[in-house]
Amino acid sequence: MKKKKLEKSKRSENRIKNWENRYDESYSKDPFRLRRAEVHLPENLPEIYLPETFEPNATVVSHSKKWAFVLLDNTTEQKEILCKIDEHLREKDSSLIAPGDRVFIEYEENGEPIIRGIAERKSKLSRLSVDREGPPEQVISANVDILFIVASVKQPPFKAGLIDRFLIVAENGNVEPVIVINKIDIVDTLPEEINIYKNLGLKIVYTSCITKQGIEELVDLLQNKVGVLAGHSGVGKTSLLKCICPEINALTLEISQKTEKGRHATTNTHLYCLPNGGKLIDTPGIRSLGFWDMDPRSLDYYFPEISKFAEMCRFNDCSHIHEPDCEVRKAVKFGNIPIIRYESYLRIRKSIEQDGITPGRLRKENILPKDLSYIKKRNRFK
Ligand SMILES: Nc1nc2c(ncn2[C@@H]2O[C@H](COP(=O)(O)OP(=O)(O)OP(=O)(O)O)[C@@H](O)[C@H]2O)c(=O)[nH]1
Ligand SMILES: [Mg+2]
Ligand SMILES: [Zn+2]
């Protein structure tokens, strides 16, 4: 009798909010099953949950749908081991883990390691998954301190659009953005658009993998920190990684002469350990970056120069496209908001709406409400 009571209280402790509604069928009194079921939480919860009794004992380096390479804690050897991913940590054809995730590994009866749980993430970088069949969110990497948004001045040409999108991803994921302008050895004058980001108070590092300018600065920023290199293909992400740590053996490819674009040399996101205690995650170059949980109305807050004027628009929910007395459009007209940032804002807004991420859908799927004042408070811009 007493034992039963104890079990019950333990069970309620282990439960999380909304548990019954969401996963009634997966509930079990068997703590082993309960634990496994709890780990299998939907992607629209803020964090993946790991029951208190489990201590993470490894870090994910890279993964596929069913397998992952991890670095075990408590070993001096920097050896990556291959583990199976528990089926509860997969959703359809995707796995829910990401490089940088702290995971709990158990050994099966045959001695094979298997990832059973994912620890709460202190930060994450995520995007709208390109695979529309699976979960909408694709976590690019977890537990990251710095997002290095890499752009090249030329070959491939400098493009501000992706920088704007990555700034939103960093802000949303609680990660500090640093803009890296690479290949400065091939130009005499830098693209003018860079001044926009300078004026926003963002950190910018100018680099060259040929002259090694800026590499020391990146190394210093990475001391005991976890960084991610992201950007278009061919901008030199992997080359920067190799300059920072020459022992790393990773593929780089010359950009195509014809299109001046990169050739997708890196195909898998991978975490590398650096000699100064830092870690650096290299990612494949991307063409586009969509958002998976963005309310179009909150977009203003990610553009501080726009939100400053948006507060004075006649309508609270002004889209700054067609409404009368729109202070944002006025500010663009008088040169107080850079036109390319406004155009970028419009493009992002349109793409969010095209992806079907509308306030109505977000409310229906319980992704809203998002506390906008919180985003505003956290804004890292000047
Ligand atoms: N001139 C010059 N070339 C560079 C620099 N950095 C990288 N490159 C060259 O740019 C090409 C692409 O470099 P990668 O490091 O493979 O680019 P990436 O961003 O990792 O590309 P993906 O893996 O496809 O996303 C290679 O030929 C590099 O040698 C640089 O600072 N200056
Ligand atoms: Mg690469
Ligand atoms: Zn407006």
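How many of the 382 residues in the protein are buried, as a percentage? Buried residues come to 36%, where buried requires 20 or more other C-beta atoms within 10 Å of the residue's own, with C-beta atoms placed from the backbone. The model is a predicted one, so local features need pLDDT of at least 70 and side-chain atom pairs count only at pLDDT 80 or more, while totals for chains, interfaces and linings use all residues. Residues are numbered from 1 along each chain as its sequence is written, and chains are lettered from A and ligands numbered from 1 in the order in which they are written.

Now for the fold. The protein has twelve helices and 15 strands, taken as DSSP runs numbered from the N terminus (H or I, at least four residues, for helices; E, at least two, for strands). Among contacts (C-beta atoms within 7 Å) between residues at least 6 apart in sequence, 63% link residues at least 24 apart.

Five strands form a closed barrel in the order β1-β2-β3-β7-β6, with mixed pairing; pairing takes at least two DSSP bridges between two strands. From one strand to the next, the twist averages 55°, an angle between N-to-C directions on a 0 to 180 degrees scale, with axes fitted to C-alpha atoms. Within this barrel, β3 (residues 80-85) and β7 (residues 113-118) pair in parallel over two bridges, and Lys-84 sits opposite Ile-114 in β7.

On to the ligand. Around ligand 1 there are 25 residues, with Gly-236, Ser-239, Thr-252, Thr-266 and Gly-285 coming nearest; the shell takes residues whose C-beta atom lies within 6 Å. Helix α7 (residues 237-244) gives the largest share, three residues. By type, the shell splits into twelve polar, eight nonpolar and five charged residues, with Gly counted as polar and Asp, Glu, Lys and Arg as charged.

Note on methods: Buried ≥ 20, exposed ≤ 12 C-beta atoms within 10 Å, placed from the backbone. Contact = placed C-beta atoms within 7 Å.
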